[in-house]
Amino acid sequence: MKGRVERQFPLKSLNTWRIGGLAEAVFWPENEEELMAVWLSCHEKEIPVRLFGRGSNVLFPDEGLTGVTIISTGVAQCVWGGSQVRVGAGYSLARLSQDAAECGYTGLEFARGIPGTVGGAIVMNAGAHGGSIQDVLVEVKIINREGKVERLGKEHIEFGYRECSLRDQAIVLEGVFCLKAGDSATIRQIMSENLAKRKVTQPLELPNAGSVFRNPDGDSAGRLIEAAGWKGKTIGGAQVSLKHANFIVNHGSATALDVLNLIHGIHTDVQTKFGVELKTEVRYISPN
Ligand SMILES: Cc1cc2nc3c(=O)[nH]c(=O)nc-3n(C[C@H](O)[C@H](O)[C@H](O)COP(=O)(O)OP(=O)(O)OC[C@H]3O[C@@H](n4cnc5c(N)ncnc54)[C@H](O)[C@@H]3O)c2cc1C
């Protein structure tokens, strides 16, 4: 295998929050075959194995992770055939949206500022500005629970708000997207407006993992957190952002425990004050 392997590797460098202990072993497969071989072999030998993309929606534990941590970013083929594109799970979603704009295809404007991989975006049904992955996805190639490679049409996948039925049930190897012909200049214009909105409203200058909580029906998590008095509150190196209360930022020394304590405090307080149970959008990865 050609993929890079590292032992006792800092998880901090594998996620946008820059948090986490050491991973016992990390593998960056260079292609789908290498990813599959290691994934299946770990399962066969009962070695703990986990797969991540850019780590932009996860909180890694301070205790670190045992077993094998696979990072998908090398599985990054991207093949265009007219308005359809077949993309490896590790390809950058933001890059794909830029590619689409350059080729004059519309449909991925919403994705320009989302810092994840295509695989992470599919399992999270990532979305913004009124669009989401489910609008443009037509098919996925997965490793299913039986360890078999399978192609699934979109009609066999259930999508919800920041979730889909593949989550924790399958490994996404590839996604096929269908876009529509559009005007490159207009597409670029929409993207730069979307990016500008993010720069104004999100604390992009500090490490974070995007929205911490999902928006409850008909309300915004940020509004509730701010109304409960948590904007700017700090525990250790972690702070509820002063720019957007649904973001927690790392001032350099934040631990997973600092972030978990903020999450727990917000969750309890919002429930007590407003009777709303906030659900997390970011995923805490348990060390066990
Ligand atoms: C500044 C900022 C802004 C953001 N804005 C948005 C936004 O507007 N909209 C939005 O939806 N999200 C947003 N996010 C969150 C995040 O970028 C998305 O959820 C993204 O899709 C996660 O992709 P990833 O590759 O980083 O996944 P990771 O964080 O690496 O993984 C997330 C989960 O997906 C699983 N996973 C990853 N790859 C695969 C795969 N190939 N097969 C199966 N499971 C897999 C992982 O095991 C994990 O459980 C933002 C994050 C940041 C930091």
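Reader: With which residue does Lys273 form a salt bridge, and how far apart are the closest N and O atoms?

Author: The general idea is that side chains of opposite charge can pair when their charged atoms come close. In this structure, which is a predicted model, Lys273 forms a salt bridge with Asp269, and the closest N and O atoms are 2.8 Å apart.

Reader: Where do Lys273 and Asp269 lie?

Author: Both residues belong to helix H6 (residues 256-274). Lys273 and Asp269 are four residues apart there, about one turn of the helix.

Reader: Is Lys273 buried, exposed or partly exposed, and is Asp269 buried or exposed?

Author: Relative accessible area is read against two cut-offs: under 20% is buried and over 50% is exposed, with partly exposed in between. Lys273, with a relative accessible area of 47%, is partly exposed. Asp269 counts as buried because its relative accessibility is 19%, which falls under the 20% cut-off.

Reader: How many salt bridges does the structure hold?

Author: The structure holds 12 salt bridges. One of them joins Arg86 and Glu174, whose side chains meet at 3.2 Å, N to O. This pair links distant parts of the chain, for Arg86 is in strand E7 (residues 84-88) and Glu174 is in strand E15 (residues 171-178), 88 residues apart.

Reader: Which parts does the pair of Lys243 and Glu205 tie together?

Author: Lys243 and Glu205 form a salt bridge in which the closest N and O atoms are 3.6 Å apart. Lys243 lies in the loop between strand E18 (238-240) and strand E19 (248-250), while Glu205 lies in the loop between helix H4 (184-201) and helix H5 (221-227), so the pair ties together parts that are 38 residues apart in sequence. Lys243 is partly exposed, with a relative accessible area of 35%. Glu205 counts as exposed at 56% relative accessibility.

Reader: What domains does the domain assignment give?

Author: The assignment for the protein chain gives domain 1 (4-74), domain 2 (78-200) and domain 3 (203-284). The C-alpha centres of domain 1 and domain 2 lie 22 Å apart. Their contact takes 12 residues from domain 1 and 14 residues from domain 2.

Reader: What is the area buried between domain 1 and domain 2, and which three residues supply 41% of the area that domain 1 buries?

Author: An interface may be read by its area and then by its contributors. The area buried between domain 1 and domain 2 is about 1,100 Å², and carbon and sulfur atoms give 68% of this area. On the side of domain 1, Glu32, Met36 and Arg54 supply 41% of the area buried against domain 2, more than any other three residues.

Reader: How many salt bridges does the rule find across the interface of domain 1 and domain 2?

Author: The rule finds one salt bridge across this interface. Glu32 also forms a salt bridge with Lys141, the closest N and O atoms being 2.5 Å apart. Helix H1 (residues 32-44) gives the most to the side of domain 1 that touches domain 2, with five residues. By class, that side of domain 1 has five nonpolar, five polar and two charged residues.

Reader: Where does Asn125 lie, and is Asn125 buried or exposed?

Author: Asn125 lies in the loop between helix H3 (118-124) and strand E9 (127-128). At 1% relative accessibility, Asn125 counts as buried. Its side chain makes a polar contact of 3.0 Å with the side chain of Gln134. Leaving aside residues up to four places away in sequence, Asn125 touches several residues, among them Phe159, Arg162 and Glu163.

Reader: In which strand is the place of Gln84, and which residues does Gln84 touch?

Author: Gln84 is in strand E7 and is partly exposed, with a relative accessible area of 34%. Not counting residues up to four places away in sequence, Gln84 touches Val79, Val138, Val176, Phe177 and Cys178.

Technical notes:
Residues numbered from 1 in each chain as written. Predicted model: local features only at pLDDT ≥ 70, side-chain atom pairs only at ≥ 80, totals over all residues. Heavy atoms only, no water. Domains from an automatic or database assignment. Contact = heavy atoms within 4.5 Å. Buried area = accessible area lost by both parts, 1.4 Å probe. Salt bridge = Lys/Arg side-chain N within 4 Å of Asp/Glu carboxyl O. Helix = DSSP H or I, 4+ residues; strand = E, 2+ residues; numbered from the N terminus. Nonpolar A, V, L, I, M, F, W, Y, C, P; charged D, E, K, R; others polar. Buried < 20%, exposed > 50% of the residue type's maximum accessible area, 1.4 Å probe, protein only. Polar contact = N/O pair within 3.5 Å; in protein donor to acceptor, adjacent residues only side chain to side chain.
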